[in-house]
Amino acid sequence: MASAAPDAADAAPRVPYVLRLADASLVLAQRLGEWIGHAPALEEDLGLANTALDLMGQGRLLLAYAGELEGQGRDEDALAFLREEHAFLNPTLVEQPNGDFAHTMVRQFLFDAWQHELYAGLTSSSDERLAAIAAKALKETRYHLSYSSGWIIRLGDGTEESHARMQGALDALWPYTSELVETDELDRKMIAAGVAPPMEPIAEAWSARIDAVLRDATLARPAAAPYRWYGKQGRHSEHLGYLLADMQHLPRTHPGASW
Amino acid sequence: MEHEGERTDGWALYEIFIRARAGLDHKHVGSVHATDPRMALEHARDVYTRRQEGISIWVVRSADILASDPADADALFEPARDKVYRHPTFYDIPDEVKTL
């Protein structure tokens with residue numbers, strides 16, 4: 001049943017699900033922000049910053065909603081800056097280091113292709129607030145996907161050097177994709193409640209998009225990796241801790257600081 | 001002849017034209033570097049429409065523009081100077097027309 005304000009019993013299990021979405025956007029925004037001032041061209045610097053700001057905006061809306069659902073008085077800032085590493089529920093992919101431009105773009109493309117399908121599904125969520133956030137974010141994501149797909153094709157089907165770097169980045173990051181399109185107990189609970197969209201069509205569309213772009217990019221899709229990452233359950237790679245130390249340093253050192 | 005703005009590393013300069021709103025012309029706003037027209041369009045979006053400056057973008061390779069030579073200005077533009085009768089100054093412009 002559609003309802004703008006779920007009651008307490010419905011709200012509690014939604015908190016970690018909304019945090020998964022929020023942290024995915026927030027952590028990737030932080031990573032992209034590391035490029036500012038370092039991108040290969042001024043135009044890319046702005047492009048990456050724009051994408052980071054879009055993701056940051058999504059993260060804020062979702063964190064604020066998670067805080068309201070939780071009802072413990074934590075706002076978006078408290079959730080972003082005062083949670084420990086294991087309490088972050090982003091997929092492991094987005095916390096992976098920027099590496100070279102190939103790594104950054106492959107990570108972005110794998111994420112954008114996933115977010116695009118997921119958010120399209122979320123627009124018909126039984127949770128009206130989530131549906132509204134997804135509808136707003138979907139327009140941003142559509143642009144991000146076009147931008148990152150362009151780079152995948154350009155560099156994959158570019159020079160021998162760029163092709164090798166892209167394939168290397170794809171091989172390195174592919175093992176982190178399984179948790180994006182596989183469901184766990186929480187996902188299944190949210191799907192059953194109509195809060196999250198069914199995963200099969202999303203996984204299929206994601207996979208088809210990846211194949212189409214990789215074909216144009218003359219890149220080979222890596223084999224499925226047996227090892228599973230579970231960042232969305234709070235079990236992260238070693239990289240998230242450093243990222244959070246960087247991101248949370250100021251508000252933790254100077255609590256309540258303002259401009 | 002090597003054109004000004006032409007680079008040898010695969011990047012080129014593109015001139016950017018933005019239409020601010022429906023009914024107005026595309027206006028030149030600046031330029032970006034890009035390796036292909038699609039990238040130029042994305043760069044133009046990212047550099048020149050961050051503050052809702054436009055609803056449409058054109059990109060043109062700078063090298064594809066043939067510009068008049070400032071040294072030819074006398075020959076090109078002087079002859080029009082004493083032909084004021086070419087100005088349509090005898091019309092009343094209706095108040096409703098804002099952007100003529």
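This is a predicted model: local features need pLDDT of at least 70, side-chain atom pairs count only at pLDDT 80 or more; totals for chains, interfaces and linings use all residues.
Two residues are in contact here if their C-beta atoms, placed from the backbone, lie within 7 Å.

The contact takes 8 residues from chain A and 10 residues from chain B. On the chain B side, the elements that give two or more residues are strand S2 (26-34) and helix H1. H1(B) gives the most to this side, with 6 residues. By type, the residues that chain B brings to the contact divide into 3 nonpolar, 3 polar and 4 charged.

Now for the helix pair. Two packed helices are described by the angle between their axes and the distance between the axes. Helix H2 of chain A (residues 42-70) packs with helix H1 of chain B (residues 37-48) at about 70 degrees, and their axes are 9 Å apart. Angles of 65 to 115 degrees count as roughly perpendicular, so H2(A) and H1(B) are roughly perpendicular to each other. Their crossing is left-handed.

Here are the residues that make this contact:

| Helix | Contact residues |
|---|---|
| H2(A) | Glu43(A), Leu46(A), Gly47(A), Asn50(A) |
| H1(B) | Glu42(B), His43(B), Asp46(B), Val47(B) |

How far apart are the end C-alpha atoms of H2(A)? They are 41 Å apart, which agrees with the 42 Å that its 29 residues should span at 1.5 Å a residue. After H2(A) comes Gly71(A), with a positive phi near 70 degrees.

How values were computed: Residues are numbered from 1 along each chain as its sequence is written. Chains are lettered from A and ligands numbered from 1 in the order in which they are written. Axes are lines fitted to C-alpha atoms, for helices over the stretch in contact, and angles run from 0 to 180 degrees between N-to-C directions. Helices (H or I, at least four residues) and strands (E, at least two) are DSSP runs, numbered from the N terminus. Angles under 35 degrees count as roughly parallel, over 145 as roughly antiparallel, 65 to 115 as roughly perpendicular and the rest as oblique. A crossing is left-handed if the near helix is turned anticlockwise from the far one by less than a right angle, and right-handed if clockwise. Ala, Val, Leu, Ile, Met, Phe, Trp, Tyr, Cys and Pro count as nonpolar, Asp, Glu, Lys and Arg as charged, and the others, Gly among them, as polar. The expected span of a helix is 1.5 Å times one less than its number of residues.
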